[in-house]
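Here is a short briefing to read alongside the model. Have the sequence and the 3D view open as you go.

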Amino acid sequence: MNVAAPKASNETASDATCWRCRAGVGAEAAACPACGVVQPPRALDHFARLGLPRGFALDKATLERRYFDLQRRFHPDRFAGRPAEERALALRHATALNEAYDHLKSPLRRAVYLLGLLDPAYKRDESETEKDPALLLDALERREALEETTDAGTVDRLVAAARRDIDAALGRIDRAFAEMRLRDADRETARFKYLAKFVEDARDRRRRLSQGSST
Amino acid sequence: MIILQLHEPGETPMPHEDERGLAVGIDLGTTNSLVAISRDEKPEVLRDEKGVGIVPSVVAYGDEPLPVVGLAARRMLLDRPEIVVSSIKRLMGRGVGDLKSVAGTLPFEVAADTGGVLRLAVGGRRLTPVEISADILRALKRRAEESLGRAVDRAVITVPAYFDDAARSATRDAARVAGLEVLRLVNEPTAAALAYGLDKSAEGLYAVYDLGGGTFDFSLLRMEKGVFQVLATGGDAQLGGDDFDELVAERFLSERRAAGLPAPTVAETKQVLATARLAKECLTAQAGGEWQLDVGGVASRHRLDVAAFEAQIAPLVERSMRIVSAVLDDAGVSVGEVAGTVLVGGSTRVPLVRRAVEKLMGKPPLGDIDPDEVVALGAALQAEALTRGSDTLLLDVTPLSLGIETMGGIVEKVIPRNTPIPVAQAQDFTTYQDGQTAMMIHVVQGERELAPQCRSLGRFELHGIPPMVAGAARIRVTFTVDADGLLSVTATELTTGIESRVEVKPSYGLAPEDMIRMLSESQEHARADMTMRVLIEAQVDARRLLNALRPALAADGDLLSPAERAALDAAIGTVEKALPGTDRDAILKAVEALNEASKPFAERRMDRGIRDALAGTNVETLAGRIGAAGGS
């Protein structure tokens, strides 16, 4: 993931005065209450940035409403006629909002991000499939089935089965996070990850098969 | 001076210095371009006096200092194809190295010895695609200024969603050279969706299938309450109606080869392509036809019917449909969820294209918009939003993945495609040799795994890495894509706390010196424009004076003595001699002398007019005489 929050080097957490008029600004205020000018984006986690409770369960409609509302305020298009400093700050806000939205809208990225947030020791890039023999075996079997077939219908069935398993894994991830069972959440997220990759690869194969038959 | 005092003030009023110019929307197309303006969210295409909105993206570099752009340039294709350039958009952001792979039979003459920078040899000049595009943009700017009677200096310019970073940068530079500040580069399908969505109050999930002259885009957007959110986009920057033309041209030329007839020159190839294009356009409405080629002094006739045409272009249409399926897959959207498909671009007039879209999307595409104008209208709406404010919000995505070449030529993706922009992402890299103090960073764009298969955007070196064992240094490379879709890259060494930053704007083969030269030339262009304008104004004044004097002399010549008449005729002769030239001062001097020489005549005419009026001559005759003298 390796995501760097866009953060100016001179920005500090204690910075609570407006950069323009020097009035006091609340720790999370995006605009100065005195002069109304846009403030640098604060160092917030993605949930806080969009004003959402920190958790895996998330209402998609609420996520989108918050994202649109905030982008309406901070998108660079809204600052087209403003001074360069304000435009640069708006760009940073919009960038941070996009990053937050992009991480939270996909359940897989949300799960991985939340694990990192709740457990600082969590290693995101480590392949969990290699540690879990059952998961590894399952992955190998699916791969073999995909590689052996040249029949589009069989590929479709494999994709459908993987999708069902993704839905089941999502339910387990949801419950594990709700009960703060992070090891379980981690394992199911690893399963989700390889299933998602499998579906992607299967779709590629499906595309090649249908192209081969049509030409 | 009585005669002159009656004429109108300058024909083209100049704006006040302190008055901000207007902002327009420009669709800079491969085949055709348009300029539009929006007021109170009502966009309209700016047209010439005949009501034509389309400006063909064709430039002719003839003997005059200023190029001819548009329909007049396209007509010159028939007589002087060697001075005419069309479809320049296909070469935007391309280098000499790219040309072989993309050009095929493109009718361009590449200037030799250009040191990597692509220049075309045309009409005795050596021009980059940026300069040629700038000439088209200048013509659009002029069209807008003439139509609005005000200076225009800012624009939203549309680009294909699938344009890579180099092509976007090149477009931006062309606008600068043309004297336009780019408020925003907007993706063509997004602009079309904006115009369509606002006009029809469309809500829900929509697709935009945009097949233009040179590029293909397919975008999926969600529209609701003024938000236009692109979910996924895909395309092919080298697929368009031009490719249909090329296939038809190749068919005709192979028929000629089979008959042993001469092959075309580069210049004649342009004419063959124009004929092929005509054939394609005819076949949207009729079942078949016959076209004539005049190549190498030997004419030939070629039959083509719809079935043969469709069989020939079917693989290209199929290619676009594969992209449609891939974008739907990327977004995780099934065709049933798409409320409607908006068709954009002149090539969607081809019936096979419409049928293919309908078949794949499961319902007839939306046909209640003009596919040629909707992009320009959207650009105008966005220009208004950026200058006057608006409640609409465009949220776009990156069309192609951005990454870095790592060991073994493998591409490490830093920003995947379809990421919402603006975006900033960082990735950490390390050294692979003990004591390594520098690192080459190669930025690429594309979906392929290996760097040579992707588009190279630029290379830069990061120096000053402290010597450490291999793998100990941490170099953070940050990619930033702004709301225009333009990329900038910075690199920082982290371990020692010493920041070695390098900032790179990926280039497309144009050195900064080139850009500076073009900008200074563009100022000369502006000066040339201005010189031309004052010259034309002087000529118009002189003609007006002559046109007023001639009938007056015919009617009232008896008021002058033979000597006065001879002096006046001499002064008229001087003006007539100066008139066709380009020496504005000579024209002004001659006009001034003529004014002076005609003064007694004008006064006497006025006197006679008054006497006549007092003597009962009817007033209308008098008014007619003064009117004729004034030339108003």
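In chain B, 69% of the contacts with a separation of 6 or more are between residues 24 or more positions apart; two residues are in contact if their C-beta atoms, placed from the backbone, lie within 7 Å. This is a predicted model, in which local features need pLDDT of at least 70 and side-chain atom pairs count only at pLDDT 80 or more, while totals for chains, interfaces and linings use all residues. Residues are numbered from 1 along each chain as its sequence is written, and chains are lettered from A in the order in which they are written.

**Chain B overall**
- Chain B has 15 helices and 26 strands, taken as DSSP runs numbered from the N terminus (helices: H or I, at least four residues; strands: E, at least two).
- Of its 632 residues, 44% are buried, that is, with 20 or more other C-beta atoms within 10 Å of their own C-beta.

**Where the chains meet**
- Chain A brings 20 residues into contact with 23 residues of chain B.
- On the chain A side, helix 3 provides the largest share, 7 residues.

Conventions. Buried ≥ 20, exposed ≤ 12 C-beta atoms within 10 Å, placed from the backbone.
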